[in-house]
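Biologist: I have a chain open here and would like to go through it with you. Can we start with the overall layout?

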Amino acid sequence: RTVYVNGEYLPETEAKVSIFDRGFLFADAVYEVTSILDGKLIDFEGHAVRLERSLKELDMASPCSKDELLEIHQKLVELNDINEGLIYLQVSRGSDGDRDFVFPSADTKPTLVLFTQNKPGLADSDASRKGAKVISIEDIRWGRRDIKTVQLLYPSMGKMMAKAAGADDAWMIEDGHVTEGTSNNAYFVKDGTIVTRPLSNDILHGITRKAVLRMAEEAQMKIEERLFTIDEAKEADEAFTTSASAFVMPVVEIDGQQLGDGTPGPIAKRLREIYLEESRAAAI
Ligand code: PLP
């Protein structure tokens, strides 16, 4: 695989980042994951805009312009001959060569790393045909989940808890309400209305969430952005999640309780189709 590090395209075995990099020592880094379908980027613009916001919220310098970022993404996709897959981008605050809680001076060069992940069959996955089983766990993450930082230890533990319980993923609960999935936004559908938590610092502002809600509205579906409990979701007709890496993923079971007939619901399936079709048409 050819990867990108700070201006260079290199074989992955030759790419190097300092051991003092604050991304490594302090999780002082932000990231984006963009999907690739038909060799093209899905919603690059949305990811580039959110990256700028994450950087700004952390007083981190931009490593390059949006045009340069697009060029790097497209060049990596081409060099690695990716038809379906993901492209991971990470910007860390870099380092001035030592470990210190205090940020290094503002002119410290950020570290920019990108790599591709080849995933044939991403759009037509078995997982999406079967639907996902989720468990609920407590949300003990920090209070700025709107910033897409690489502090992913708890979400990673959440996925392990799900796996240990024979499920695929976990939805997190704070103050009695569902926040989001470990790596996706969460929704349920009751009597034709799609319910999802409103945007705040409590959840990541999903790029797929924004696109899917717009498409649902255009398709005259009813949407309620409000807090909801896990019990409401368990009593729902259907449920689903959204993310750049799994698009619209039907959820068929929550904490061992089957939703509907235990197969992907019609609204989730329809939204997945619409999302894939429209996103493909707009990909660059
Ligand atoms: N929520 C969390 C915690 C995530 O990690 C992600 C994606 O990684 C999402 C939501 C979905 O965001 P997006 O649709 O931009 O991929």
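Modeller: Bear in mind that this is a predicted model. The domain assignment gives domain 1 as 2-118 and domain 2 as 126-282.

Biologist: How far apart are the C-alpha centres of domain 1 and domain 2?

Modeller: The two C-alpha centres lie 26 Å apart. In the contact, domain 1 takes part with 21 residues and domain 2 with 13 residues.

Biologist: Which elements supply the side of domain 1 that touches domain 2?

Modeller: Strand S3 (29-37), helix H2 (44-57) and strand S5 (85-92) each supply at least two residues of that side. S3 gives the most, with 8 residues.

Biologist: And what is that side of domain 1 like by class?

Modeller: The side of domain 1 that touches domain 2 has 9 nonpolar, 7 polar and 5 charged residues.

Biologist: Switching to helix H6. What should its 12 residues span, and what do the end C-alpha atoms give?

Modeller: Helix H6 covers residues 207-218, and at 1.5 Å a residue it should span 16 Å. Its end C-alpha atoms are 17 Å apart, which agrees.

Biologist: Which residues in H6 are buried?

Modeller: Ile-207, Thr-208, Arg-209, Ala-211, Val-212, Leu-213 and Ala-216 are buried in H6. Just after H6, Gln-220 has a positive phi of about 65°.

Biologist: How do the axes of H6 and helix H8 cross?

Modeller: H8 is residues 266-282; its axis and that of H6 come within 10 Å and cross at roughly 110°. Angles of 65 to 115 degrees count as roughly perpendicular, so H6 and H8 are roughly perpendicular to each other.

Biologist: Which residues meet there, H6 against H8?

Modeller: From H6, Ala-211, Val-212, Met-215 and Ala-216. They meet Leu-271, Ile-274, Tyr-275, Glu-278 and Ser-279 in H8. The residues of this contact divide into 7 nonpolar, 1 polar and 1 charged.

Biologist: Why does Tyr-9 count as partly exposed?

Modeller: Tyr-9 has 14 C-beta neighbours inside 10 Å, so it counts as partly exposed. A residue needs 20 or more to be buried and 12 or fewer to be exposed.

Biologist: What does Tyr-9 touch, leaving out residues up to four places away in sequence?

Modeller: On that basis Tyr-9 touches Thr-2, Tyr-4 and Leu-79.

Biologist: And how far is Tyr-9 from Ile-72, C-alpha to C-alpha?

Modeller: Tyr-9 and Ile-72 are 9.1 Å apart in space, C-alpha to C-alpha, and 63 residues apart in sequence.

Notes. Residues are numbered from 1 along each chain as its sequence is written. This is a predicted model: local features need pLDDT of at least 70, side-chain atom pairs count only at pLDDT 80 or more; totals for chains, interfaces and linings use all residues. Domain bounds come from an automatic or database domain assignment. Two residues are in contact if their C-beta atoms, placed from the backbone, lie within 7 Å. Helices (H or I, at least four residues) and strands (E, at least two) are DSSP runs, numbered from the N terminus. Ala, Val, Leu, Ile, Met, Phe, Trp, Tyr, Cys and Pro count as nonpolar, Asp, Glu, Lys and Arg as charged, and the others, Gly among them, as polar. The expected span of a helix is 1.5 Å times one less than its number of residues. Axes are lines fitted to C-alpha atoms, for helices over the stretch in contact, and angles run from 0 to 180 degrees between N-to-C directions. Angles under 35 degrees count as roughly parallel, over 145 as roughly antiparallel, 65 to 115 as roughly perpendicular and the rest as oblique.
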